[in-house]
Amino acid sequence: MQLDLKKLFDAEEQVLPFSMELDLSGVEQWGDRPFKTPIAIKGEVQNRAGIVTVRYDADYILSASCARCLVVCFLSQGHSTRSVAITS
């Protein structure tokens with residue numbers, strides 16, 4: 001995904017929201033595919049006084065087999081991130 005930040009720096013728009021789904025169903029780890037469903041990512045890029053920050057939440061369901069009994073377990077997870085991208 002690419003974001004057009006030109007409006008953000010032209011001060012026409014101070015906040016640029018974004019959302020997407022990231023399909024990682026083809027990723028294999030230890031012979032298993034941990035992401036059966038797409039990862040939902042939602043966030044915003046904000047320019048406040050020349051400091052550009054990126055905030056996003058990623059929600060996903062992690063699938064893994066139990067090492068003892070091999071039963072497939074599903075775990076709903078969320079991850080939030082805030083990062084300073086650019087300072088002037």
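Which side chain makes a polar contact with the side chain of Gln46? The views below take that up, along with some other spots in this predicted model.

**View 1. Gln46 and its polar partner.** The answer is Arg55: its side chain and that of Gln46 make a polar contact at 3.1 Å. You'll find Gln46 in strand 2. Gln46 counts as buried because its relative accessibility is 14%, and the cut-off for buried is under 20%. Leaving out neighbours within four places in sequence, Gln46 is in contact with Leu8, Gln14, Val15, Ile51, Val52, Thr53 and Arg55.

**View 2. Asn47 and the backbone of Gly50.** Asn47 is also a strand 2 residue. With 11% relative accessibility, Asn47 counts as buried too. A polar atom of the Asn47 side chain sits 3.2 Å from the backbone nitrogen of Gly50. Not counting residues up to four places away in sequence, Asn47 touches Leu8, Phe9, Gln14 and Val52.

**View 3. The largest nonpolar core.** Nine residues make up this core: Leu8, Leu16, Phe18, Phe35, Ile39, Ile41, Val45, Val52 and Ala58. Strand 1 (15–22), strand 2 (39–48) and strand 3 (51–65) are the elements that give two or more residues to the core. Strand 2 gives the most, with three. As a bit of background, nonpolar side chains tend to be buried together in soluble globular proteins.

**View 4. Zooming in on Leu16.** Leu16 is one of the core residues. Setting aside residues up to four places away in sequence, Leu16 touches Leu3, Asp4, Leu5, Leu8, Gly43, Glu44 and Val45. Among these, Leu8 and Val45 also belong to the core.

Key: Residues numbered from 1 in each chain as written. Predicted model: local features only at pLDDT ≥ 70, side-chain atom pairs only at ≥ 80, totals over all residues. Heavy atoms only, no water. Core = buried A, V, L, I, M, F, W, Y, C linked by side-chain atoms within 4.5 Å. Buried < 20%, exposed > 50% of the residue type's maximum accessible area, 1.4 Å probe, protein only. Helix = DSSP H or I, 4+ residues; strand = E, 2+ residues; numbered from the N terminus. Contact = heavy atoms within 4.5 Å. Polar contact = N/O pair within 3.5 Å; in protein donor to acceptor, adjacent residues only side chain to side chain.
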